[in-house]
There are 2 protein chains.
Amino acid sequence: VTTIALGPGAEFDRIRGIARALGNRARDLGDDCALIPEESTVLALSTDLSIEGVHFRREWLSPEEIGWRAASAALSDLAAEGAAALGLLAAIAAPRDVPAADFEAVSRGIGDAVAAAGGLVLGGDLSTAPVWIVAITVVGRTERPVRRSGARPGDGLWVTGKVGGAGAAVTLWKAGAQPDPQSRTAFVHPVARIREGEWLARHRATAMMDLSDGLAGDAWHLAAASGVRLEIRLDDLPLEPGVAEAARRVGMAPGEFGAQGGEDYELLVALPPSFGPQDVRSFMAAHDLSLTRIGTAVEGSGVVMTLESREVALTGFDHFA
Amino acid sequence: VTTIALGPGAEFDRIRGIARALGNRARDLGDDCALIPEESTVLALSTDLSIEGVHFRREWLSPEEIGWRAASAALSDLAAEGAAALGLLAAIAAPRDVPAADFEAVSRGIGDAVAAAGGLVLGGDLSTAPVWIVAITVVGRTERPVRRSGARPGDGLWVTGKVGGAGAAVTLWKAGAQPDPQSRTAFVHPVARIREGEWLARHRATAMMDLSDGLAGDAWHLAAASGVRLEIRLDDLPLEPGVAEAARRVGMAPGEFGAQGGEDYELLVALPPSFGPQDVRSFMAAHDLSLTRIGTAVEGSGVVMTLESREVALTGFDHFA
């Protein structure tokens with residue numbers, strides 16, 4: 001029987017409706033990956049659409065960057081399970097008059113991203129379409145998948161790297177301005193945290209997911225799946241430098257902007273109380289990436305985010321809001 | 001290193017260009033499925049786009065049929081490897097104002113198709129888009145995949161069921177007419193030949209693929225992959241009854257129309273000379289479906305198709321022709 005535990009929102013209402021419509025023709029929807037047991041390991045699969053005009057605009061990205069970004073966004077779901085990347089299948093479509101060289105450039109971007117994650121392009125499909133469409137399905141393997149559902153009261157809530165950069169770039173572009181280089185890189189060249197995810201899985205992660213729709217929305221999914229309440233201090237959220245300027249433009253506090261901005265593809269991870277400063281130093285030394293505690297799982301349900309000790313109400317990105 | 005053996009055509013030139021661009025970041029492109037060895041079996045994966053205005057029009061298909069057809073087209077690639085279906089991942093996108101009920105109906109169609117094939121919906125993605133997009137990735141398992149590359153000189157070339165019905169329906173619709181019910185069904189409700197593919201794999205099939213772009217194009221891929229020449233008698237091609245009317249409208253012989261029309265998702269299979277009338281009767285009794293010999297593999301390369309003893313020159317569907 002289909003089980004699904006997601007946070008609130010019109011997009012997730014649709015997914016719940018689809019899960020109801022599928023009934024016993026579906027299984028275990030709602031984690032970052034579909035998980036298929038093999039003899040001694042678990043196969044992790046996830047599929048991700050990247051559509052021109054919805055996920056990106058041609059003015060923002062080169063063909064290589066379209067491919068890199070689409071592949072990294074999908075690979076990030078493997079990272080969120082703590083899985084190693086075997087590879088991906090890439091279905092690519094574009095208008096009939098797009099030159100062959102652009103298809104090859106998009107494919108090179110996809111190939112670079114999957115090679116950086118340690119995998120290969122395994123297959124694909126090619127078609128015409130009214131706009132660029134890149135549908136990536138990633139395949140990975142793990143001995144112990146880290147689902148969204150394992151956080152327990154008392155666990156710390158942590159985030160890898162810095163957030164808000166991709167959202168800052170989009171805000172600047174939409175205002176007709178140019179983002180700073182770091183924010184632009186966060187959007188056009190996100191890195192799937194595959195090795196970080198594997199490390200965290202080996203170091204007692206109880207629940208994990210990637211931040212694709214923004215912490216303010218994604219944290220609800222982890223809370224719902226784990227059956228806990230998440231208390232998050234946005235004062236502690238590690239922000240990309242460009243967030244200050246973007247937040248000012250839209251009249252938000254930087255911490256709020258960073259919680260709302262999606263597509264950074266950093267990992268949100270619950271770790272037990274025993275995960276201490278020595279573990280944090282090991283993580284940072286191994287990956288040259290920060291790991292920052294931003295909150296705690298407690299008994300209850302839902303998410304409470306505070307900034308300067310005041311509760312703030314935010315939602316993540318929702319395609320159908 | 002990437003290996004790829006496909007027939008001629010602009011679409012396949014693009015795929016060859018992509019394979020070159022990927023270099024050693026890709027592996028073994030060009031079969032119906034990507035094949036990943038497990039401990040004692042092989043995992044088969046394939047991804048397939050179905051895009052409104054390219055693969056179908058809303059006037060032709062109900063939402064359930066959009067889902068069924070997209071899923072069956074993808075599942076057909078598992079049939080072509082002789083693999084059993086574990087399930088599929090479905091990425092679905094449509095314009096923002098499409099009602100939730102239509103998403104659920106598309107999903108029900110997908111769920112029905114994968115259930116009929118013996119699998120489950122394992123995961124997916126949801127997005128907005130300018131048109132309906134359904135990207136299906138299928139997952140199957142087999143002990144012995146039947147690739148396109150195993151046909152040997154002397155093997156017979158066979159086809160399951162009847163062909164040309166889906167092409168006949170599209171021809172009638174584009175002419176503003178209504179197709180006969182059997183042709184309509186061939187387009188809107190194709191059946192992935194999963195059990196037939198498993199049976200053929202167990203009964204010594206040497207090479208197999210599904211007819212998605214039409215025999216006239218697809219046979220070239222099998223010939224190229226196997227390093228043989230295929231001699232095909234279109235007089236023997238089993239045709240849906242609606243083909244006669246559609247062929248007349250476009251001024252072709254029915255056998256030519258049947259060879260050119262794609263999207264029937266029947267199987268094209270090479271079987272050794274020892275595969276005889278008793279085997280054919282067993283197949284038909286087991287599946288209530290015809291299995292018809294249409295030609296022979298010989299030494300050489302390419303495809304020669306004859307109709308009433310005259311050679312005919314045809315090509316399959318090509319997105320970029």
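Predicted model: local features only at pLDDT ≥ 70, side-chain atom pairs only at ≥ 80, totals over all residues.
Helix H1 of chain A, which runs over residues 10–22, has 13 residues and reaches 18 Å from its first C-alpha to its last, close to the 18 Å expected at 1.5 Å a residue. Its buried residues are A:Glu11, A:Phe12, A:Arg14, A:Gly17, A:Ile18, A:Ala19, A:Ala21 and A:Leu22, and what covers them includes helix H7 (215–226) of chain A together with helix H3 (100–116) and strand E4 (120–128) of chain B.

Between the chains, the axes of helix H3 (residues 100–116) of chain A and helix H1 (residues 10–22) of chain B come within 9 Å and cross at roughly 40°. On the side of H3(A) the contact is made by A:Ala100, A:Phe103, A:Glu104, A:Ser107, A:Arg108 and A:Gly111, while H1(B) contributes B:Arg14, B:Gly17, B:Ile18, B:Ala21 and B:Leu22. The residues of this contact divide into five nonpolar, three polar and three charged.

In helix H6 of chain B, residues 194–202, the residues B:Ile194, B:Glu196, B:Gly197, B:Trp199, B:Leu200 and B:Ala201 are buried.

|---|---|---|
| H1(A) | A:Gly23 | positive, about 55° |
| H6(B) | B:Arg204 | positive, near 80° |

Notes
Residues numbered from 1 in each chain as written. Chains lettered and ligands numbered in written order. Heavy atoms only, no water. Helix = DSSP H or I, 4+ residues; strand = E, 2+ residues; numbered from the N terminus. Expected span 1.5 Å × (residues − 1). Buried < 20%, exposed > 50% of the residue type's maximum accessible area, 1.4 Å probe, protein only. Contact = heavy atoms within 4.5 Å. Axes fitted to C-alpha atoms, helices over the stretch in contact; angles between N-to-C directions. Nonpolar A, V, L, I, M, F, W, Y, C, P; charged D, E, K, R; others polar.
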